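Please open the structure in the viewer and keep the selection tool at hand.

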Amino acid sequence: MKLKEDLQNKFSFALNSLKGSPIRSFDAYASQFENVIKLTLGEPDFDTAEIIKLSVKKSLDNNRTHYSLNSGVLELRQAVAKSIMEKYNVKYSENEVIVTVGASAAIEHTISAISNPGDTILVVTPYFTLYSGCSYLNNCNVGYIDTLNTGFKLTPELFEEEYKKYKNVKAIVLNYPNNPSGVSYTKEELKKLAEVFKKYSIFVISDEIYADISYNYKHTSLVELIPEQTILITGLSKSHAMTGWRVGFVIGPEEAIKKITVYHMFTVSGIPTFIQDASIDALESNESKAYTENMIKTYTERKNYLIPELEKLGFEIPNVDGAFYIFAKIPEKYRNLKSLDFCKFLVEKAKVAIIPGNAFGEKYDEYVRISYATSLENLNEFVNRIKKVI
Ligand SMILES: Cc1ncc(COP(=O)(O)O)c(C=O)c1O
């Protein structure tokens, strides 16, 4: 079907500044080759725990097939508030939680609800591309804060320096444990950041979707330190191997949640009721908690195997504190290739696929992201294949 000729240039100008996901497009490129080991996508290789699958079946049998409240099933919002209390000792009411279509919609609703055209959204890089995409769709400017020289971490000094460069700063988006670097922040580091954020009239959008997958120290949430400024983004996709279920949460002060709920109402108006029912079991059942613990144990084993192997091959790797990614500096001999060409070389010659670093910010062209959400057997074969070509 062809679109009417004179409608072809009638789309939102904001769309012109967006390209598709560079991660998906490299994955699609690699998929053209046969027998490639792909460590490309940010998705647990585990299936969802049995208890959660049983729960959704039960909910369907109980005909929980009708609309839910716009902001989400009450008992799920209560369960989310309870889990935040248990993890971070911060009290939220069920009216301070919205259930969204994955963390993706949580990010989109939040950015849309707080921004006006011409506002600046600061994004700490390397970063997950949705933050800039949603900002551009709202006709905002994006101020990228590059952390190449600070170990992939925002520091108070860096923040103050960068903040001064922009007008109308409305928010800063921070993601830790970070996709793609796996780097996180200690409580002391966050306290110092919180002190400086407090000085400014900005929202702090804290994407902590990987919080439960933390290896080296207990995750501290920004809601423990500056709850009055923080909009917390989280969800079940990564911690509960539930990417396809599309369950995310926005948590924040009631006035902010009321505004974001309006956005949610006019775009989504409530995710499927039976999925929300099962999400309560995901958060509360002991079986589900044990399942998550086992996933973390498995990721730890894989990480502990992969990092030294990659270092032996000449990759430089920052401290991995969480998530299931390694953001490795390309071995010196290949750095002149740039990340896309290096990754293409690996697909063609070694039959392994990883993501070029420039998918996470233009400064990261000497890096690659490797996802270890795959079996030890695959990781072993991945290492052997690379060894043969570099
Ligand atoms: C940092 C980060 N935030 C948000 C998301 C989106 O999560 P969801 O699948 O729940 O929409 C991802 C997914 O890769 C992510 O890495």
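**A guided tour of the model**

Select Phe152 to begin: this residue is buried, because 23 other C-beta atoms lie within 10 Å and the threshold for burial is 20 or more. The model is a predicted one. Phe152 sits in the loop between β4 and α6 (156–163). Its phi is near 65 degrees, a positive value in a residue other than glycine.

Next, select Asn35. This residue also has a positive phi, of about 60 degrees, although it is not a glycine. Is Asn35 buried or exposed? Asn35 counts as exposed, because it has 5 C-beta neighbours inside 10 Å. Its place is the loop between α1 (22–31) and β1 (37–38).

**The sheet**

Now display the strands. Strands of a sheet pair through backbone hydrogen bonds, either parallel or antiparallel. Here, an open sheet of 7 strands runs in the order β2-β8-β7-β6-β5-β3-β4, with mixed pairing. Select β2 (97–101) and β4 (141–146), which stand at the edges; each has a single partner strand, so one side of each is left without a neighbour in the sheet. From one strand to the next, the twist averages 20 degrees.

In which sense do β3 and β4 pair? They pair in the parallel sense, over 6 bridges. Within this pair, Thr120 stands opposite Asn141 in β4.

**Two cis peptide bonds**

Select Thr125 and Pro126, and look at the bond between them. This peptide bond is cis, with omega about 0 degrees. Pro126 belongs to the loop between β3 and α5 (130–137).

Then select Tyr176 and Pro177. The peptide bond from Tyr176 to Pro177 is cis as well, with omega near -20 degrees. Pro177 lies in the loop between β5 (169–175) and α7 (187–198).

Select the ligand and the residues around it. Which residues are the closest to the ligand? Of the 13 residues that surround it, the closest are Gly102, Ala103, Ser104, Asn179 and Ser237. The shell divides into 3 nonpolar, 9 polar and 1 charged residues. Helix α4 (residues 102–114) gives the most to this shell, with 3 residues.

Keep α4 selected and follow the helix from end to end. Its 13 residues reach 19 Å from the first C-alpha to the last, close to the 18 Å expected at 1.5 Å a residue. An α-helix has 3.6 residues a turn, so residues three or four places apart point the same way. Helix α4 is mostly covered, with 12 of its 13 residues buried. Among the buried residues are Gly102, Ala103, Glu108, His109 and Ile114.

**The last stop: Tyr215**

Finally, select Tyr215, in the loop between β6 (203–207) and β7. Tyr215 counts as partly exposed, because it has 17 C-beta neighbours inside 10 Å. Leaving aside residues up to four places away in sequence, Tyr215 touches Thr300, Val320, Asp321 and Gly322.

Note on methods: Residues are numbered from 1 along each chain as its sequence is written. This is a predicted model: local features need pLDDT of at least 70, side-chain atom pairs count only at pLDDT 80 or more; totals for chains, interfaces and linings use all residues. A residue is near a molecule or strand if its C-beta atom, placed from the backbone, lies within 6 Å of it. Helices (H or I, at least four residues) and strands (E, at least two) are DSSP runs, numbered from the N terminus. Ala, Val, Leu, Ile, Met, Phe, Trp, Tyr, Cys and Pro count as nonpolar, Asp, Glu, Lys and Arg as charged, and the others, Gly among them, as polar. Two strands pair if DSSP finds at least two bridges between them. Axes are lines fitted to C-alpha atoms, for helices over the stretch in contact, and angles run from 0 to 180 degrees between N-to-C directions. The expected span of a helix is 1.5 Å times one less than its number of residues. Two residues are in contact if their C-beta atoms, placed from the backbone, lie within 7 Å.
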